[in-house]
Amino acid sequence: MGFLLPGIANAKRSLTRSLSASKSLDIPKGYFAVYVGKSQKRRFVIPVSYLNEPLFLDLLSQAEEEFGYDHPMGGITIPCSEHTF
């Protein structure tokens, strides 16, 4: 038996929107774009399998608290340094 946390459901919905918006950015199938940084954002293309990692899900929850799920850049924005990411 499984269960979903509300934040995870929102993350999946946002990811679906991000994936459809970023198809023109040459992102391979099975990957998605993540923008990392506080002032200047750097784009990373990471595998969808990271959504199964507890640390990455915690990072997404923190990003939701600060930014919500409106990502005009076409990918998920994570408010941490590149070194932390």
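Visitor: How many strands form the open sheet, and in what order?
Guide: Three strands form the open sheet, in the order 2-1-3 with mixed pairing, where strands are DSSP runs of E of at least two residues, helices are runs of H or I of at least four, and both are numbered from the N terminus. Two strands pair if DSSP finds at least two bridges between them. This is a predicted model, in which local features need pLDDT of at least 70 and side-chain atom pairs count only at pLDDT 80 or more, while totals for chains, interfaces and linings use all residues. Residues are numbered from 1 along each chain as its sequence is written, and side-chain values use heavy atoms, with hydrogens and water left out.

Visitor: In what sense do strand 1 and strand 3 pair?
Guide: They pair in the parallel sense over three bridges, and valine 34 has isoleucine 76 in strand 3 as its bridge partner.

Visitor: Where does helix 2 lie?
Guide: Helix 2 lies across strand 1, strand 2 and strand 3, running at about 90 degrees to strand 3; axes are lines fitted to C-alpha atoms, for helices over the stretch in contact (heavy atoms within 4.5 Å), and angles run from 0 to 180 degrees between N-to-C directions.

Visitor: New topic, what does phenylalanine 44 contact?
Guide: Leaving aside neighbours within four places in sequence, phenylalanine 44 is in contact with Phe32, Ala33, Val34, Val36, Glu82 and Phe85.
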